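User: I'd like to learn how to read strand pairing and salt bridges in a structure. Can you walk me through it?

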Amino acid sequence: MSHKEGLHIFSDVFYPEIIDPKTDQEVKEGESGELVITTLTKQAIPLIRYRTATSSASATDKCKCGQDSPRISKIKGRPTI
């Protein structure tokens, strides 16, 4: 059953960050900003702080599906700079 309350991130494979695109600093939990991804398992071509140019926010509430993995809100589009 799908609850559609954001996207689960497999934290053993990816390290997500939500940053302010103007300052490159991490935003507080739940605030919107640019999604930045670091891969933790890629060996040949790793992504290190890859800026996706998409706007999202970290989801802080517990998901109804019961998974404990970190989540981000649905992608909101391109951030305004």
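Analyst: Let's go through the strands and then the salt bridges. Keep in mind that this is a predicted model.

User: Okay, how many bridges join β3 to β4, and which way do the two strands run?

Analyst: To read pairing, you look for bridges between two strands. Here, β3 (residues 32-39) and β4 (residues 50-59) run antiparallel, joined by five bridges. To see it for yourself, find E34, which sits opposite S55 in β4. β4 also pairs with β5 (residues 71-72), again in the antiparallel sense, over two bridges. There, A59 is opposite R71.

User: And how many salt bridges does a search of the whole structure find?

Analyst: For these, you check whether a side-chain nitrogen of Lys or Arg is within 4 Å of a carboxyl oxygen of Asp or Glu. The search turns up three. One of them joins E17 and R49, at 3.0 Å from N to O. E17 belongs to β2 and R49 to the loop between β3 and β4, so this pair ties together parts 32 residues apart in sequence.

User: Is E17 buried or exposed?

Analyst: Buried means under 20% relative accessible area. E17 has 9%, so it's buried. R49, at 42%, counts as partly exposed.

User: What about R51: which side chains does it meet in salt bridges?

Analyst: R51 meets D24 at 2.8 Å and E34 at 2.6 Å. Shared partners join D24, E34 and R51 into one network. Within it, E34 is buried at 4%, while R51 is partly exposed at 36%.

Technical notes:
Residues are numbered from 1 along each chain as its sequence is written. This is a predicted model: local features need pLDDT of at least 70, side-chain atom pairs count only at pLDDT 80 or more; totals for chains, interfaces and linings use all residues. Side-chain values use heavy atoms; hydrogens and water are left out. Helices (H or I, at least four residues) and strands (E, at least two) are DSSP runs, numbered from the N terminus. Buried means under 20% relative accessible area, exposed over 50%, partly exposed in between (1.4 Å probe, protein chains only).
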